[in-house]
Amino acid sequence: MLLTLFESHTHFFLSMFQKMILTKIISNTLSLHKKQLIEWLPAVRYFSSPTNPLVNVDVNDKSGIAVVTMNRKPVNGLSLELFEAMSKALDDLENNRIRGAILTSSCPTVFSAGLDLNELYQPDKKRFKAFWTTFQDVWLKLYGSSFPTAAAINGHAPAGGCFLAISCEYRVMCPDYKIGLNETRLGIIAPIFLRASMRNTVSNREAEKALTLGTLYSTEDALKIGLIDEIAIYKVKAIERCENFLAQFNNVSSIARSFTKRSLRQKDLEELENCREEDFNIFWSNLIEPSVQKQIGDYMQSLKKK
Ligand SMILES: CCCCCCCC/C=C\C=C\CC(=O)SCCNC(=O)CCNC(=O)[C@H](O)C(C)(C)COP(=O)(O)OP(=O)(O)OC[C@H]1O[C@@H](n2cnc3c(N)ncnc32)[C@H](O)[C@@H]1OP(=O)(O)O
């Protein structure tokens, strides 16, 4: 009650002085550490992110919701540079305490084609290490964000594309596209953090079936198994539906919401935090297996021959 009142009255125009007084009162009331509480105070200013050609961040000043648009043509292949831009954008959003974020794509028929296969084929170890570490960072920041997240899936979302979507809390997808984690079809094992996001989205049984078979679902089938939450006819509508989902949190204490989300996801986040180096080593040693390299090379050729 106290928190709800506090947030609804202070959302836009909280002066630094008021903030200090309120921090004192609430931290005493809730026995929270002061620094911890300041981190969860509602936003007092919104920002427009500096332009990055790979990731555009557009914050609506009124709603405080950011639309984060991946913009790496032709298919938003997740390269080191795209991950770096996303990681930076997620830091900016976290630091500016936005009310929510919607992830989408500027490519007309592809949300993201997953990891850029050029990063996986004949990789240079130093670059791959940076690539993999930044991939881990993006997942930790997106899955563990303090603000609520949704994905407006306006096109195909195979593999890493699906991973980004299921790291968010809500998914709205446009019809006639494919989504799923098809890693096993490429001869590669889904990394630990992909498995966590999938288990958090669909039932354990569906996750097992989907991951072992490497199934790519149609939009309609994805809805049936709960991989997505809604279907929207086109991108603008998908963004609108995501905004509606995020708007529901206007009536919920952001402190209570964030702590609850964090506590539900903590185990998955810690699982990766505790084995980042090992996770890299496992993937690296498997990735450079000649049979895996051949499979990836053949797959790239098949995509080009289409
Ligand atoms: C035990 C072993 C462990 C080993 C560990 C390995 C470590 C990796 C671990 C985890 C893996 C991760 C999963 C991944 O994300 S791998 C990527 C998987 N992605 C896919 O399977 C999707 C492939 N792409 C498609 O199916 C289609 O492109 C689609 C997204 C449906 C879009 O179709 P369409 O609109 O028809 O576009 P095109 O197919 O014509 O593509 C346009 C050009 O883009 C190139 N392309 C497509 N996808 C990728 C990609 N992922 N990376 C790089 N490039 C890609 C495609 O070749 C076309 O290029 P061009 O114009 O030159 O012909």
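What follows is a set of tasks on this chain, from its overall make-up down to single residues.

Two ground rules come first. This is a predicted model, where local features need pLDDT of at least 70, side-chain atom pairs count only at pLDDT 80 or more, and totals for chains, interfaces and linings use all residues. Residues are numbered from 1 along each chain as its sequence is written.

**Exercise 1. Work out how many helices and strands there are in the chain.**

Solution. Start with the DSSP runs, numbered from the N terminus: helices are H or I with at least four residues, strands are E with at least two. That gives 14 helices and nine strands. Next, check burial, where a residue is buried if 20 or more other C-beta atoms (placed from the backbone) lie within 10 Å of its own, exposed if 12 or fewer, and partly exposed in between. Of the 306 residues in the chain, 37% are buried.

**Exercise 2. Find the order of the six strands in the open sheet with mixed pairing.**

Solution. Count two strands as paired if DSSP finds at least two bridges between them. The order then reads β1-β2-β3-β4-β6-β9. At the edges sit β1 (55–59) and β9 (230–231), each pairing on one side only.

**Exercise 3. Sort the residues of β1 into a covered face and an uncovered one.**

Solution. V55, V57 and V59 make up the covered face, while N56 and D58 lie on the uncovered one.

**Exercise 4. Find where α12 bends, and by how much.**

Solution. Take the expected span as 1.5 Å times one less than the number of residues. For 20 residues a straight helix would span 28 Å, but α12 spans only 25 Å between its end C-alpha atoms. Then compare axes fitted to the seven residues ending at a residue and the seven starting there: α12 bends by about 50 degrees at R265. Its buried residues are S254, I255 and D268. Finally, step back to S253, in the loop between α11 (235–247) and α12 (254–273). S253 counts as buried because it has 20 C-beta neighbours inside 10 Å.

**Exercise 5. Identify the residues with the most contacts inside the largest nonpolar core.**

Solution. A nonpolar core is a set of buried Ala, Val, Leu, Ile, Met, Phe, Trp, Tyr and Cys residues joined through C-beta atoms within 7 Å. The largest one has 72 residues, and the answer is A150, I153, A165, I179 and C242. Zoom in on I153, taking contact as C-beta atoms, placed from the backbone, within 7 Å. Leaving aside neighbours within four places in sequence, the contacts of I153 include F111, A165, I179 and A238.

Methods: Contact = placed C-beta atoms within 7 Å.
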